[in-house]
Structure formats: C-alpha cells, structure tokens
Amino acid sequence: MSAERSFSKEVESLRLGDGEVFHGEGILAVTKALLQSGVAYVGGYQGAPVSHLLDVLLDAEELMDEMGIHVETGTNEAAAAAMLGASINYPLRGAVGWKSIVGTNVAADALSNLASPGVIGGALIVSGEDYGEGASIIQERTLSMAMKSSMWLVDPRPNLTSIVDTVESSFELSEASNTPVIMQLRIRSCHVQGRFIARDNKKPPINTRERQKEPAPFNYGRLAHPPVTFAQEKLKVEERLPAAQKFICDRKLNEFFDGDIERLGIIVPGGLYNTLIRRLARLGLADDFGNSKIPLMVLNVVFPLVPDQIRDFAAGKDAVLIIEEGNPEYIEHQINTILRKADIQTRLHGKDVFPMAGEYNGAVMHQGLMGFIEAEGLGIGDPVQIRAEADRIDAAMDGAEAAFPTALPPRPPQFCTGCPERPVFSALKLLQEDIGKVHIAADIGCHAFATFEPFSMGNSILGYGMSLASAAAVSPFQDKRSISIMGDGGFWHNGLTTGVIANMLNEGDAVLVIMQNGFTSATGQQFIPSSAKGRGGRDPGMSIERTLEALGVPWMRTVRTYSVAAMVETLREALTTSEKGLKIIIADGECQLARQRRLRGENAEKLKSGKRVELPRFGIDDEVCTGDHSCIRLSGCPSLTIKPNPDPLREDPVASVNNSCVGCGLCGEVSHAAVLCPSFYRAERVRNPGMLERAVEGMRKSVIGLLGGHGA
Amino acid sequence: MTAPLTLLIAALGGEGGGVLTSWIVNAAQDSNLPVQATSIPGVAQRTGATTYYVEIWPQTWDEIDGAEPVFALSPSPGEIDVFASSELLETGRQIQSGYVTPDRTLLIASTHRVFATSEKMKMGDGRADNKQLVQVAGDRSKSQIFFDMEDAARNAGAHISAVLLGSIAGCGTLPISDETFREGIRAEGKAVEANLAGFEAGLKAAKGDVAVQALQPEDRFAHVTATPDLLKRAASFPAEVQPTLDHAIRRLMDFQDTAYAGLYLDRLAPYADGEVDVLVRVAKYLAVRMSFEDVIRVAQAKTRPERLARIRAETGAAAGDSVKVTEFLKPGIAEFCDVLPEGIARMVLARAEKSEKLRNWHKGMELNSSSVTGFLKLKTLAGMRRWRRRTWRFRREQESIEAWLDLISQAQKLNAALAAEIAECARLIKGYSDTHVRGTGNFGRINAALIGPALRREIDAESAAVDIAAAREAALADPDGLTLTQTLSASAVPVPARREAAE
C-alpha cells in the first residue's frame with residue numbers, strides 16, 4: 001500500500017480465473033502468479049522496480065483475507081528474508097521481494113541462515129535488478145550472492161507468460177531441492193506491459209483461516225547452528241544441487257531452440273533473450289517470432305548450470321557465444337570448466353566480444369554479435385545483410401553524440417515542487433556561506449537529490465540509513481562537526497541502531513538531521529512506523545521523537561522544515577554549541593506529493609459544499625527581478641523557473657514562478673533569510689470567500705483605486 | 001518485411017508518461033494488435049528525464065494466427081519509427097543517443113522548454129540554444145511535427161500527456177484509429193473531458209492545423225508619453241537606436257521625470273556620431289543603469305494599476321474569488337541609507353561601521369499590498385521619487401554612471417571594440433544587496449585588471465576587448481568569483497606597451 005498510487009483496478013485483475021487474459025505490468029503479473037502458486041505468505045521491502053509487488057497486495061486486503069494469505073511489510077530486507085524462515089519447518093509457500101543488489105546485501109545474513117538448513121515449503125525471492133539504464137544504486141549483480149549461499153537463481157524470458165510460469169515452477173524447484181530460489185527481474189521486465197492467460201488462484205492448504213494445531217517438532221537439523229551447519233554445507237552440494245539439476249532437466253526449465261547453422265551456438269540468460277532475438281532478426285539470423293538460425297540455449301535458470309545440458313549443447317559445435325552481463329563472468333567460467341573437464345574443444349566467446357561492465361542493451365548486443373561473427377567468419381548467414389545492418393547502425397550512431405557542439409544540460413531527478421526537504425538544504429547552504437564548509441554524510445532517499453545542483457552537497461553515501469555510521473570515523477578528525485542527513489525511512493530501516501545508538505554508545509559528538517516526511521517517499525510513499533496513517537488507514541502509533549527521548553538523546557530539536565531562518569539557527573547551534581554528545585534535528589514536513597493528494601481531495605469536498613478554500617501560490621514581479629537567479633541557487637524548485645526577460649533592454653532571463661507552485665512558502669522564507677530581493681509575493685486566492693471578506697475586499701478595491709492603484 | 005512499429009516517448013517525470021503509455025497499449029489491444037511497452041520510472045518520476053518505449057506488431061492477432069512476436073524491451077539506435085517528446089531539450093537528448101534518424105524517424109516534438117536546474121541557476125543566461133535544438137532535430141529526423149504542446153495543453157485545460165497522445169494518433173503512423181484512442185479515454189473514465197480536449201488539440205496540431213501566435217513584447221511604459229521636445233531630440237540619433245530611445249525615454253520619465261530623460265539624451269549625445277555598435281550598447285545600458293533598482297523603484301513597480309489584475313489571472317481567480325497579495329521585503333541598513341540624504345546616510349553608516357548589530361540590521365516585512373494600509377505604505381514609498389535626486393543612492397549611482405561613461409569615452413579613442421565591451425560590462429551590475437555588491441565588485445575587478453591597463457595602454461586594446469568579454473562571462477559563471485579569478489589570472493600577462501605612433 002502506498003499513498004502515491006492506488007491499485008484498486010489491479011486488485012481486480014488479481015482475481016482473474018482460468019483462461020482469462022491478464023493485461024498489465026510485469027511485477028503485477030508476478031503478484032498474480034504468486035496467488036496462482038498457492039503462496040501462504042508474502043513480504044518484502046519497497047524499492048524500484050519491485051515496490052508494486054507488495055503495494056498491490058496491501059491494497060488487496062479483502063482478497064488476502066479470503067485466501068488466508070499473510071502479507072507483511074518488512075522494516076527492512078533482512079526482516080523480509082528472515083520471514084522466509086517459516087518455510088524451513090512448515091510446508092508453506094512464501095515469497096518476498098526487494099530491490100537488488102542493495103536489498104540482497106541487507107538480507108544476506110538471514111539468507112545464509114535460510115539457505116543452510118534449507119526449506120520444505122517453496123521459498124521465492126523476487127529480486128528487482130536495479131541494474132543498467134534507470135538504476136538508482138551501485139551497479140552489482142545478484143548472481144554471486146546466490147552462488148555463495150547455494151540459492152538458485154532464475155532469470156525468465158521477459159514476457160509475462162514466461163515470468164508467470166517461472167514463478168510457479170520456482171516454488172516446485174525450491175521444494176524439489178529444499179532450496180530458496182531467487183527470481184531476478186530487470187527494471188524493464190518489472191515494468192513491461194503485456195498479457196498472459198491467467199489460471200485460477202490456489203488457496204494455500206495451511207492458511208490464516210485454516211491454521212496448524214501444533215508447531216513443528218524440535219529438529220536440530222533445521223537450525224543454522226553447529227554442528228549441523230557442516231552437514232548442511234555437504235547437503236547443498238551432495239543432495240540439493242543434483243536434485244535441482246534433475247528438476248531443471250525434467251521440467252525443461254532451460255529452453256533449447258534449434259537452428260540451421262549447427263556449427264555455432266549461443267547461450268543466453270532468459271532475461272536477455274528478447275534483446276538477442278531482435279538483434280539476430282535485424283542481422284537476418286532470426287525472425288521476429290524467435291526462430292533463430294543459430295541454435296540457442298536459453299538459461300531461464302542461471303544458477304545452477306546443468307553440466308550435461310552444457311556439454312550436449314556445445315559438443316560438435318565450432319564455437320559457442322556466452323552472453324552474460326556483469327563482472328566476473330561466472331557463467332563463462334563455469335562453462336569453460338565444464339567443457340575443459342569433458343575435453344570438448346568448442347571455442348568459447350563471451351567477454352572477448354562483449355564489454356566486461358554495463359547493461360547489454362540493443363546497441364551493445366549488436367556490437368557483441370558482430371564481434372562473434374567477425375571472430376567466427378562472415379560465413380554465418382547472409383554477409384550482405386549483415387554488413388548492411390552494421391552500416392545502418394553505424395550510420396545511426398554516426399554524429400549522434402556530436403550532434404550538438406556543446407554538452408546538453410543534464411536533467412537528473414530532483415526534489416518535487418514544494419518538497420519539505422529542499423528548505424533544509426537551502427538552510428545548510430546559507431549556513432555554510434557563513435561558517436564555511438562542513439562534512440556532510442548523505443544517505444539514500446529523496447534527500448540524496450541534494451547531491452545534484454543547485455546544492456551539490458554530500459561527501460559520501462554508504463547505504464540506506466548509514467549516514468551517521470559513515471561519519472563515525474570522519475568527525476574525530478575534523479575541526480568542525482560533521483552533519484549526517486537521514487530520512488525517516490532510513491532511520492527505521494536501520495539508522496536507529498547503526499547510527500543513533502552507535503553514536504551514543506561511543507559518546508559521539510555528531511549532528512544528525514532526520515527528515516521526517518512520514519513516508520518512504522522516494523519509493524512511492526509507502527508507510528513507515530511513524531506514518532500518521534499506516535496499513536488500512538490505522539495509526540501505527542510509533543514516533544521518532546518519543547523513540548529518541550526514550551533513548552535519552554541529549555540534544556534534540558524539532559524544526560518545521562520551511563522555517564529556513566529557524567533551521568539555519570538550529571543547525572548553527574548544533575554545530576557550534578559547547579555541549580557534547582549527539583545532537584539531533586528532526587526536520588519536520590509532510591511529503592508534499594502526499595500532502596497535495598490529500599489537499600486535492602479535501603478541497604474538492606469543501607468546494608462542493610460551498611466552503612471557503614485558500615489556494616496560495618508565489619509569484620515574481622518581473623520588473624523587479626534583475627535576472628541574477630540567486631533565489632534559484634538556493635532552491636531549485638521545479639516551479640521556480642526562468643522566462644525571457646520582458647524588459648527589452650535586458651537579456652538575462654528573469655525568474656518566474658509557474659503554475660505548478662503549491663505555495664509551500666520557501667521562496668518567501670529564502671528571500672528573507674538570504675536577504676535576496678523584493679521580487680517575490682505570495683498570492684492567496686480564496687474561493688467561496690465569506691460575506692465579510694467580500695465586503696472588505698470591495699472596500700479595499702475602491703480605496704486603492706482612488707489612490708491610483710488597481711481599479712475594480 | 002513485416003517488423004514491429006517502434007515508438008519512443010521522452011518525457012519528464014510527473015508529466016503522465018505512464019498514463020500515456022497505458023492509453024497507447026490499451027488502444028493497440030482494443031485494435032487486437034500485439035503490443036508491449038516498457039519504462040524505467042524509478043526515481044526519474046521525481047521530475048527527471050525519462051523515456052517510455054512501445055512496440056506494436058502491425059498485424060492483428062488473427063492475422064498472425066497464434067504466433068507470438070518477440071518484442072524488444074529497450075529502444076535501439078536507428079530503429080525508431082515515431083519519436084514523441086514533450087520537451088525540446090529531451091528531444092535533443094534522445095537524438096544524441098541515436099534514437100532519431102533521418103532514414104526512418106518521424107519526430108513529434110514540443111517546442112517549449114522546461115529548463116533544467118543547471119540552466120536556471122546561472123547568474124546570467126544559462127539556457128540551451130533553442131534554435132539549435134530545433135535545427136538539429138529537423139536535420140536528424142525523416143519528418144517532423146513541431147508545436148508548443150505546453151501551450152496546446154493550457155488552452156485545452158488538459159495535461160500534456162493527452163496532447164502527446166493526440167499528436168501520436170494524428171501522425172498517421174500507428175495502425176489505430178482516432179476513435180479507438182477516444183474510446184480508451186472515455187473507458188478509463190478519469191478527467192474524460194479534459195483529456196479528450198487535450199487529445200483533439202494534439203490531433204489537430206499533428207495534422208498541421210495549428211495557428212502559430214507570435215509573442216508581442218509587453219510595453220510596460222505604455223502609459224507614458226514622451227514630450228515633443230524629447231522626441232525631437234531623439235530623432236536626431238541614428239536609426240539603429242530609435243527603438244531603444246523610444247523605450248528608454250519613457251522608462252526614465254516613469255522612473256524619474258522629463259528632465260532625467262533629457263539627461264539621458266545629453267549623456268548619449270557624444271556617442272551619436274561614433275561607432276554604431278558602441279552607441280547601441282551605451283544607449284541600452286545607460287537606460288538600464290539610470291533606472292537603477294532602489295526601493296522607490298520597487299515600490300513603483302508594485303503599485304502599478306495593472307498589477308493586481310495580472311496576479312489575479314496568475315492565480316486563476318474567478319470573479320467571485322478574493323485574492324490577497326503579500327510582499328516579502330527585507331530592507332537592511334544599506335537600503336535604508338539609500339533613500340536618506342548623503343550627509344545623514346554617511347552618519348548612519350559610520351555608526352554601523354562600529355556596531356555589528358547595526359550593520360546586520362534588517363527589517364523583514366510581510367506586507368499585505370492588497371490592504372489599504374499596505375498599499376498606502378508602498379504608494380508613499382513610490383511617491384518618494386520626488387526626493388530621489390537628493391538621496392544618497394542617487395548621488396552614488398550618478399557618479400558611478402559618469403565614471404563608466406568616462407571609461408567608454410576614453411576607450412573609444414583607442415579602439416571601438418574595447419569601448420563596446422566596457423559598455424557591455426554594465427550587464428554585471430544588477431540586483432539587490434549582496435547581488436549588487438557582488439556585481440559592482442566584479443566590475444571593479446575587471447576594471448582594475450583589464451580596462452585600466454588597456455586605457456593606460458599597458459596592454460593591447462584589441463586583445464583587452466577579447467579578454468574583457470571572457471572575464472564578463474567568467475564573472476557570471478559562479479557566485480563565488482572563482483571562475484573570474486582564474487580567467488583574470490590567465491589573461492594577466494602584460495603585453496609590452498606599444499610604442500607611441502611617430503606622428
């Protein structure tokens with residue numbers, strides 16, 4: 001459930017039955033597939049591109065209740081991973097989802113402890129691979145995490161039918177091999193809009209309505225605790241791995257496509273299949289329906305590999321191309337070993353023709369295939385068509401990058417119009433102009449947009465909720481105190497323990513600013529423990545302030561974020577007071593996106609019943625503005641923009657407030673705090689004004705008209 | 001060969017690109033066409049640049065009889081049939097990625113700009129070159145549909161996404177009827193009227209049926225009529241400066257009075273017969289400098305009769321709505337002294353020198369200018385224009401203007417380009433409080449490092465002119481003056497003085 005988007009329509013499609021056509025997004029197809037698989041519990045932690053998985057289930061409270069499915073929002077990915085522990089002792093199918101690699105990292109400890117004893121109920125981790133174009137995190141792959149814990153990694157072809165089938169078979173694979181399965185879905189696969197033929201939902205045999213009478217009997221073998229951990233390590237390779245490999249073969253999870261050019265072959269993970277087919281088709285080596293002239297082995301399961309399948313595919317071929325994103329090239333290494341041990345002399349291509357780093361999009365795939373073709377000879381397919389295609393792509397790229405003589409201005413994401421976090425950085429900028437620069441430990445969340453212009457602030461980002469911890473060894477070596485920025489989402493995710501408690505335990509002297517906007521706003525405004533309204537509209541009843549009080553934080557202030565002058569002074573005090581110990585400023589301001597959504601509803605109600613509604617916005621007298629843009633350098637609000645100078649004698653554009661302004665008040669605060677210029681005004685439009693208000697305005701108009709101002 | 005139709009949409013987060021994509025997908029599905037769309041929303045939804053990619057198989061499911069086309073998830077260079085963009089800079093960005101090509105792509109692009117932060121925050125003009133964006137977009141695409149989608153959306157009372165949909169429908173490349181799109185909007189049942197209006201606007205524009213309106217610059221001083229005497233004097237100047245003079249005279253009559261406008265012409269007269277380029281620049285910046293931004297001028301601007309109507313329109317206020325306007329003013333000791341006579345101002349400032357408290361004194365005011373008392377305060381301040389000539393600020397500005405003119409006159413004897421560049425440096429002096437101090441300071445630095453030496457013939461006039469232009473750009477590059485320092489130190493190599501000409 002999130003405040004940003006309602007899934008009421010999607011909830012309906014979760015009820016589709018046998019033979020009905022599901023239309024929608026990839027991640028919602030996964031959600032439907034979970035229900036078709038008889039899942040008993042679902043959990044996770046939000047983050048693009050998988051947030052919607054949980055959001056939609058939380059909106060489907062009624063359906064979940066009917067089916068007896070338990071849905072839990074984890075406070076972080078470790079909590080979500082630990083939840084899969086239910087499948088160790090009970091034949092319950094469970095699924096959790098998060099953004100990877102970061103979520104998998106946070107979950108790693110629980111995952112190791114889950115994978116070691118193994119599961120008896122199918123356990124599926126839906127991993128949103130935030131990798132490549134559009135990604136917002138460090139660029140690493142999930143495969144190594146699966147390999148080191150002996151969890152299986154499936155990577156389905158990116159069409160809804162394959163994705164849905166893979167979800168269902170993954171539970172079976174998990175149960176057949178007593179091993180948790182990770183399903184990786186790339187960003188575009190999560191957001192792909194397509195269709196599949198639905199099946200009936202399956203009610204889990206054990207569910208929240210039909211419960212078990214007794215807990216599982218004590219079984220030391222199901223603990224991740226010595227001495228059984230030694231036995232479990234052996235079990236992974238001696239029993240679970242062969243069982244998985246057998247299941248993969250029996251159920252044909254990997255797919256083989258024949259082709260005329262039998263002396264060659266391509267091994268490709270399912271997730272890259274569509275990109276490959278498109279490039280092959282344009283080179284005349286396939287058609288648009290997937291019929292390839294070069295034989296293909298599609299790894300819908302990228303770990304474990306099945307050596308027999310690899311040997312059978314490669315044997316008798318001159319050369320095989322392995323397509324694998326990421327570094328190191330784990331699949332290529334394994335295949336090399338498999339073929340070497342079998343003494344199969346097929347040449348292998350992979351990272352020699354493909355780049356070591358980065359996403360394999362269409363352009364990269366084309367270059368890699370051309371490298372393969374060149375290495376193995378143009379005798380593949382029709383050389384004329386291949387050359388024509390290569391020339392065509394070269395021509396498309398030729399001069400494209402250099403189409404403009406100067407670099408185009410970048411457009412990174414930024415704080416929304418009226419965002420409550422922006423003023424904190426306006427205050428920080430003003431303060432630093434006065435007292436000099438300070439070390440700023442940044443964090444994950446919307447506030448990380450302060451690393452972009454016009455603020456360009458933040459010395460490090462060490463992960464979600466980690467800012468204060470990341471400054472632990474910075475502060476002791478700095479004359480000035482450092483500032484750590486943390487969102488309320490990061491605070492509850494782990495910042496409370498890794499940051500606040502650690503700093504107090506170590507008698508630190510740090511300054512922490514907690515952005516309290518009431519949601520994990522960057523991921524789509526999911527609810528957090530301190531949200532005013534949580535699941536089902538109920539108040540979770542937890543407060544950051546009370547938590548910190550209970551911990552005994554020695555110095556704490558709560559400041560309304562838009563009060564720039566007060567924020568400057570509070571920050572100054574925190575940085576300069578002689579008082580030792582952790583100093584926390586709670587920067588309080590509701591997420592403006594959420595607030596506007598709330599106000600729109602409230603105002604519509606009021607207008608309908610003829611009640612008074614105030615609609616504030618800011619404006620600029622363009623005759624007064626001289627086009628220096630100091631105000632923009634202290635704000636960067638999308639609604640505070642520029643327009644051509646109406647003064648025929650001036651060229652520099654003037655500042656201008658556009659219609660998206662929500663009247664947050666920052667412009668006024670900043671022009672006061674920074675002593676900027678007198679151009680700004682606030683205009684409050686009052687709809688349905690009262691009788692008295694109207695009378696006063698009428699009187700004012702006539703008097704001001706007499707004074708030479710505006711007439712009526 | 002049958003191949004999928006490819007459609008790439010560039011938009012900004014929050015513009016409704018997701019909804020737009022759904023409309024297209026639904027319309028294709030309703031037409032029984034295989035379709036797939038992908039996007040990379042993530043944090044780009046927070047107003048960043050993002051794209052949506054759609055592939056449609058141009059045959060119906062029945063025609064391909066059970067076969068499933070394999071659609072690509074991401075666009076590839078040189079393979080886009082239709083590229084639609086809600087903003088001009090984003091059009092340029094996708095061109096750079098090779099997605100728009102002259103052999104294939106129909107380009108649908110809005111001509112309006114949503115400025116990026118880096119463009120907005122520059123102290124001068126950081127805007128990307130619009131003409132160039134349009135030019136390149138035309139050169140690198142097969143055919144083009146350009147129109148101002150923001151304008152079309154505003155006129156239709158719709159979101160830009162609906163206008164984009166209309167233009168995509170109207171471009172004629174998709175095998176989907178206009179009516180199918182309309183049906184989709186109706187079936188969705190959200191803001192149907194507005195979305196349909198936006199759709200029709202886009203459809204019309206794409207079919208080439210759009211009126212282009214040239215923007216008329218507003219004449220702020222239309223209420224002022226120049227006196228016959230001033231008009232007569234102005235007529236004796238070259239034709240190149242006539243538009244500027246027409247504006248400048250009325251501007252200065254509004255700012256001060258007829259005599260002050262006369263002073264402007266007096267000051268300009270010595271340049272009338274010189275190099276036209278110098279005259280044009282002096283005419284322009286002299287008028288700007290003589291109408292300097294003191295608190296009286298601010299009050300004049302904020303009490304103009306047409307102002308409230310303009311603000312009301314901005315808020316979208318209907319007839320029965322009331323609108324309250326609050327001004328944010330924070331004059332400090334400097335602004336206070338500006339309007340005092342010189343003697344008193346100097347006394348106050350001398351005391352401020354000794355007292356930090358007084359030096360940093362500011363009065364933050366939130367003034368309700370739509371109330372009688374608030375308006376009266378501003379009107380009283382505006383009325384102080386009668387005493388302006390006696391204020392300390394006025395004296396200082398006149399001295400500074402005379403000094404600047406003196407530099408230009410001296411330079412004109414040496415080199416016209418040098419004179420023109422010195423005149424142009426007036427662009428640096430603008431704004432209020434710190435901004436004004438910084439601009440004046442930057443002018444001083446350029447004067448000391450380049451203008452002075454050039455006039456003293458310590459450095460070559462021709463190259464000094466080039467260096468001054470560079471220094472001016474550098475002064476506008478960052479507020480801390482770092483770029484200016486670098487530029488000045490780079491150009492500080494003194495050129496041996498030229499030997500005096502023999503005659």
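A crossing of two helices counts as right-handed if the near helix is turned clockwise from the far one by less than a right angle. Keep that in mind as we look around this model, which is a predicted one.

Let's start with a pair of helices in chain A. Helix H2 covers residues 26-36 and helix H3 covers residues 51-59, and their axes come within 8 Å of each other. They cross at roughly 55°, so H2(A) and H3(A) are oblique to each other. As for the hand, the crossing of H2(A) and H3(A) is right-handed.

Which residues make the contact? From H2(A) come Ile27(A), Leu28(A), Val30(A) and Thr31(A), and from H3(A) come His52(A), Leu53(A), Val56(A) and Leu57(A). Sort the residues of this H2(A)–H3(A) contact by class and you get six nonpolar and two polar ones, with no charged residues.

What joins S9(A) to strand S11, residues 296-299 of chain A? Three bridges do, and the two strands run antiparallel. You can pick out one pairing by residue: Phe256(A) has Met297(A) in S11(A) as its bridge partner.

Methods:
Residues are numbered from 1 along each chain as its sequence is written. Chains are lettered from A and ligands numbered from 1 in the order in which they are written. This is a predicted model: local features need pLDDT of at least 70, side-chain atom pairs count only at pLDDT 80 or more; totals for chains, interfaces and linings use all residues. Axes are lines fitted to C-alpha atoms, for helices over the stretch in contact, and angles run from 0 to 180 degrees between N-to-C directions. Helices (H or I, at least four residues) and strands (E, at least two) are DSSP runs, numbered from the N terminus. Angles under 35 degrees count as roughly parallel, over 145 as roughly antiparallel, 65 to 115 as roughly perpendicular and the rest as oblique. Two residues are in contact if their C-beta atoms, placed from the backbone, lie within 7 Å. Ala, Val, Leu, Ile, Met, Phe, Trp, Tyr, Cys and Pro count as nonpolar, Asp, Glu, Lys and Arg as charged, and the others, Gly among them, as polar. Two strands pair if DSSP finds at least two bridges between them.
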